[in-house]
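Open the model in your viewer and follow the selections below in order. Each stop says what to pick and what is found there.

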Amino acid sequence: MYGPAGFYRRPEGPAGHFRTSVHASPLFATAVARLLCRVDEALGRPARLDFVDMAAGRGELAAGVLGALPAEVAVRARVHAVEIAGRPDGLDERIAWLPEPPDGLTGLLFANEWLDNVPVEVAEVDPEGVPRRVLVRRDGAERLGEPVGGAEAEWLARWWPLPGEPGLRAEIGL
Ligand SMILES: C[S@@+](CC[C@H](N)C(=O)[O-])C[C@H]1O[C@@H](n2cnc3c(N)ncnc32)[C@H](O)[C@@H]1O
């Protein structure tokens, strides 16, 4: 997903594959801009107000928030888009494009649908009922690999018991 030729570095970006609240409606950026204004007030209207969009996709939210801020706030705002993919062409030049959030921020750090992208191991049972790790080739072809073992086998037995295994329900007396 995150490697040099990974899914999230493709030119079309996340919006080419699925829709988040950021893409669904400009109302979302407007709501985040209002939140940023409340943070601004709570901070006593600092001379520099930072907004960080963590895992910024192609900068859609950062641009939307900047566009939705009242002029008096926008002029003090410093918008930082943090993303592993490269800066998209044509992005508002007031938006900084960074691999990590800068230090010493005063304002709001916001992350929409960042932590939903957690790579996991996938297992499937083979015809004999043995759970095996699913291996995926670069071209997407899948095959079953070695049987699941160790901590992963314990997790599987507890949370996803196969027929004949007691699992968590037995552990908690159900
Ligand atoms: C599901 S997309 C969400 C994009 C956008 N926030 C939205 O709501 O439309 C997840 C994004 O997180 C980015 N990402 C994942 N891990 C990251 C990291 N450690 N630092 C920066 N960006 C990251 C991916 O490249 C991808 O653009």
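Start with G86, which sits in the loop between β2 and β3; helices (H or I, at least four residues) and strands (E, at least two) are DSSP runs, numbered from the N terminus. Is G86 buried or exposed? G86 counts as exposed because its relative accessible area is 52%, where buried means under 20%, exposed over 50% and partly exposed in between (1.4 Å probe, protein chains only).

A note on the model before going on. This is a predicted model, in which local features need pLDDT of at least 70 and side-chain atom pairs count only at pLDDT 80 or more, while totals for chains, interfaces and linings use all residues. Residues are numbered from 1 along each chain as its sequence is written, and side-chain values use heavy atoms, with hydrogens and water left out.

Next, select the strands. They form an open sheet of 4 strands in the order β3-β2-β1-β4, with parallel pairing; two strands pair if DSSP finds at least two bridges between them. β3 and β4 are the edge strands, each pairing on one side only. On average, neighbouring strands of this sheet are turned by 20° against each other, direction ignored. Zoom in on β1 and β4, which run parallel and are joined by 5 bridges. Here F51 stands opposite L108 in β4.

Now show the helices over the sheet. α2 lies across β1 and β4, at about 150° to β4. α3 lies across β1, β2, β3 and β4, at about 150° to β1. Axes are lines fitted to C-alpha atoms, for helices over the stretch in contact, and angles run from 0 to 180 degrees between N-to-C directions; contact means heavy atoms within 4.5 Å.

Which residues does I95 contact, leaving aside its neighbours within four places in sequence? They are A62, A63, L66, V79, A81 and R87.

Move to Y2, F7 and Y8, which form one aromatic cluster. Rings of Phe, Tyr and Trp (its six-membered ring) pair if their centres lie within 6.5 Å; planes under 30 degrees apart count as stacked, over 60 as edge-to-face and the rest as tilted. The whole structure has 3 aromatic pairs. Y2 and Y8 are stacked, 5.6 Å centre to centre with 15° between the planes. F7 and Y8 are edge-to-face, at 4.9 Å and 80°. Y8 is buried at 11% relative accessibility, whereas Y2 is partly exposed at 33%.

Finally, colour by domain: the assignment, automatic or from a database, gives domain 1 (7-111) and domain 2 (123-171). Their C-alpha centres lie 40 Å apart.
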